[in-house]
Amino acid sequence: MIINEQDPLSQQTLGVAFAEPQDAEPRGTNPLDALGIVVDLDAGYAQNSQWSRRVLDWLRKQGSLVRRDDTAAVLSRIERMGRGGRRIGGETGSGVEQLVAIQAALGEVSKKVRERLGPGIGSALLLDGYEHDSDGNEKPCKVPPTHAYLPQMLQSTDGDRFAVAAGKTPGIKWVHRSYSRTLLSQAQCGLSRTAFLRVLGVADAPRLMELQPSGETKKYEADFRIGLSRGCWMSPTARTIELRRLGADYTLDDRSSPDLDAVVQHIIAEQIPQERRRRTAALLQTLGRPGMITSSEHTDVQAAEARRRWISRGQTAALWVWRLRESAWLEDTGGKLRTPAQVHLCTRDAQALDGQDDPGYLHPAIQEATSNRIDVLAALGVNGDPDVPQLISRLRELRKRSGAPGMVDDRLKAEVYLVYRALAGRLKSEPAGTSRSELRKVRDAFNGSDFVLTDQGWRRAGDCFRGPTILRGFRPFTIPDPELNPLWDALWIKEPKPEDLANVLKEIAQYGTQLQADQQRVMLEALRSLADTVTSTDGPISLGLRSKLRWLPLRTTLGWTQERPVYAVDHPAIARTLGQHLHVWQPGGDLQQFTDLLSVLKVHKLESSAARVVAPDRASPDRQLTEGFRWAVTSLQDNLVRDEPAAAEAFTDWAWLTELEVRVLPGLRIRLNPGEDHEVIEVPVDAHVDGEAKALFVSSPEALRTKPGGGLAVASLFSRERIHVSHRWRDLWEMDWQQDGPGTPLVPSGLQDHEDRERLASQLRERELSRPPGPTVPAQPSGPAKPPTGAPSPRSIPVPPSIPMPSGVGSPPAPPSVEPRKLVSLAELQARTPKATRTAFSPQPRSASSERSQRAASLPQPRQGGAAPHERSGLLGYQDRDKEKTALALLAKILDASGRTLEDQRGLQRLGADAVDSTGHFYEIKAHGGAEPAEVSLTSAELTRALAEGDNYSLVIASNLEEGRGAPTLRIITDPLRFFEVESMADVRLRGVRDADVDATVWQWPDAGV
């Protein structure tokens, strides 16, 4: 071997490597041995001589001495061959065995090495391929990897891509499909067939070519960038215009894609519409690949002016993008080919602007196939959703089309709705940075213009309402769709306020009592909305609204009236009879819907349960009906617990109800006292529950089973869901009650808890009533303890009437009864005139252990209309709530003399007070049947409320409310914590409530004997 220092490696030996002498004897096989790239040196070079060492050192310096098992080094020799213009296999092409060897070798090295050596190795190869001629015939060819594309069979992604888009475009070369079988799989060598071909340079998307110097380019010596002329033959007209607008003559380092141009032109020439749409969609999917039209690195170029150097004039699109934009290759709905800028997407908002039948929409088959490539369509210039100015222009056009501001037809209304929905979508979805400008555009367009379409025609934004059209026919409402709310919010269109509802109710009153169906509906829904306002948690209603509602005209049995009192009765028979003489409210629906509205409207509700039976001693007890009644009550309780839990929770005294006796009284009549100096009225009814008599009176045995009879009588005991209860009662009697009745009814946990509390309260109450006066301790009983009088008995299941009692077995003797103590008659007390005295006020009040605090935010606010607790008839003569109710009635009469009204708030948990008057003053009631105690207890909520309110809080101590205990008395102490000693406990105890130096007002009613 002759060494030439000047020409170290001749062209004839380019790519050939020599094996290290120690590797002259192969230690095994290498994937690349089949290529013949590594040859053995003569054995003499293995001798340790000066001459051999010199040759080996020189070969190493040239990179021509490698180890056979060094795969990366051998691949580097192949890459060097490719850069030198040599090919493995020559011009006849690389064989499959050689390709498989290179694939296996590349699978052994790292991805970084593959990417570095792959293009050069590809230049050393010539692959089998094919192309199509102008007639669409396939012809075999040899093709370098860097000039070839992957056929569909070798694509790694599902769906149509570039191979489908190109179809049989002439001049596009593809690697042969046979490589999908002859090359190795990824499982065999760690590198898939498709990945191997891509490493070599085979493409699966159109190649973007950098422009080479020509007569239409310009280059400065000091700048390596090449400029493409504004007026070159390939430049579309739009590109030329844009560069002229920018003041530029050239684009720098521009790119073109001859293959892409050829494919687009072939798609345009496609004669089969279905195939053309498929190829178009495939090309759009291809353009969405990384590095194509969605990558600014390849789509944007710099525009420049040539003045002895490049002067930048901004950015513009690359040449290949301009050519796509200006070619008419996208099909519209009518089958016509258009440029991307001439078509637009058929979106929901676009239909608001252009309608549903606009021919300029992109063909639906193409849009559906590219629904995941909206970004590609936008980059090409396809119009998407319209902007706000376009939508406003469309709305203005629709407004002009309708002419007068009256009603519009449904077709036009649908088009207007689409515009509204598009505007609402813009206002809802715009980023925070741009939503303000969009909002301003919308408001400016609607300002002063009747652009709001309502159920009464076109209106200005300030002249209509939104939301449910509860005032339809009396006030204009926008299209009722929550999706439009962002638009109405932007225009400050609100739902009707309570004042608006009241005004409409006044207008309805002008039509008389014979209302049309629509007028009745508006009245009913307006009242429901007012009731919701009263019970909402938005705080107390304003004094102005309260005053307006107090004198609101109401539809009654005697016509519309603003005067009070007006009565509300939910018993049909009572309502008919009473309505002949008094104003009985007719709201148009079930009265229970408006319970919370009654006090605000100053409507007095008459409960049928307060009525008394006329001549009850003439009634005859009926054992069989009683047993049937007990079965029905048991079944009703079971059914309600299972199917209607809300109704089941509206009543708790089931044990008491099952103990009622059924008595038959033909011609049954009840007596009801309306109050307000009105005469007592008598009403014929089918059935009535008399709590004092512990009996259910019926006019006939059949009345027990009917809805207006037993059903209505039982339902009147429920605080709500009365209609459901009466229907259930009627349905029960259609069962075979001897077989279908429950053995033991289900009892909800809430009712069990209520009964436990009632039993405990009864025990404590009995202990208090049975305690002798004075400090003596009662003697311990010697016999077994008896249960306290009035305690509820264990639940018992009635025996069906078909099962007789065993003979000789009698009822157990009843325990001796104790006459329960009764409260003084409220009617009698109110008829007496109380005497008011004021106790002396000490200038130095006692210091309380707790300091004043600000208003407690944790406490709930009073409920407008009151929140009275659910009243139940107990087994004792009275309950604690009865004492409180009496005290509240006396307090209300006192306040009424000064023009204030009182609302019962006992049903509101943790308010810290029992009542609130019309000025917002809080009252806590401590009611006692006997003498006034020396100390009272406050719960934590009551203490918090007293501290927070200060002189806006009064403690009301009622005493001697039982018959025969002395003169009933109310002691009203404002800001009680100023005076009392506070003993710190879980519940605070106030001492010294009867001290003379406590500032208090004492109201005392004469005793019955006075």
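**Ground rules**

I am working with a predicted model, where local features need pLDDT of at least 70 and side-chain atom pairs count only at pLDDT 80 or more, while totals for chains, interfaces and linings use all residues. Residues are numbered from 1 along each chain as its sequence is written, and side-chain values use heavy atoms, with hydrogens and water left out.

**Salt bridges**

My cut-off for a salt bridge is a side-chain nitrogen of Lys or Arg within 4 Å of a carboxyl oxygen of Asp or Glu. How many salt bridges does the structure hold? I found 52.

I looked up Arg-177 and Glu-138, whose side chains meet at 2.8 Å, N to O. Arg-177 is in the loop between β6 (174-175) and α6 (179-182) and Glu-138 is in strand β5 (residues 138-143), so this pair ties together parts 39 residues apart in sequence. For the element names, helices (H or I, at least four residues) and strands (E, at least two) are DSSP runs, numbered from the N terminus. For exposure I used relative accessible area: buried is under 20%, exposed is over 50%, and partly exposed is in between (1.4 Å probe, protein chains only). Arg-177 has 27% relative accessibility and counts as partly exposed; Glu-138, at 41%, counts as partly exposed too.

Next I checked Arg-399 and Asp-450, which form a salt bridge at 2.7 Å, N to O. This pair links distant parts of the chain, with Arg-399 in helix α17 (residues 388-402) and Asp-450 in the loop between α19 (432-446) and β16 (452-454), 51 residues apart. Arg-399 is buried at 10%, whereas Asp-450 is partly exposed at 23%.

Then came Glu-607 and Arg-722, with their closest N and O atoms 3.3 Å apart. Glu-607 is in the loop between β21 (603-606) and β22 (612-613) and Arg-722 is in helix α30 (residues 722-732), 115 residues apart. I also noted one network, in which salt bridges that share partners join Arg-394, Glu-397, Arg-401 and Glu-415.

**Helix α35**

Is helix α35 (residues 940-949) largely enclosed or largely open? Eight of its ten residues are buried, so the rest of the structure largely encloses this helix. Among the buried ones I listed Glu-942, Arg-945 and Glu-949. Gly-950 follows α35 and has a positive phi, near 65 degrees.

**Aromatic rings**

For ring pairs, I took Phe, Tyr and Trp (its six-membered ring) with centres within 6.5 Å; planes under 30 degrees apart are stacked, over 60 edge-to-face, and the rest tilted. That rule gave me 16 aromatic pairs. Phe-465 and Phe-477 make a tilted pair, 5.9 Å centre to centre with 45 degrees between the planes. Both of these residues, Phe-465 and Phe-477, are buried. Phe-651 and Trp-654 have ring centres 5.2 Å apart and planes at 85 degrees, so I logged them as edge-to-face. Phe-651 is buried at 3%, and Trp-654 is buried at 1%. I also noted one aromatic cluster of Phe-629, Trp-631, Trp-729 and Trp-733.

Last, I looked for charges over rings (NZ of Lys or CZ of Arg within 6 Å of the ring centre and within 35 degrees of the ring normal). Arg-207 lies over the face of Tyr-149, 4.7 Å from the ring centre. Arg-325 has its charged end over the ring of Trp-322, at 5.6 Å from the centre.
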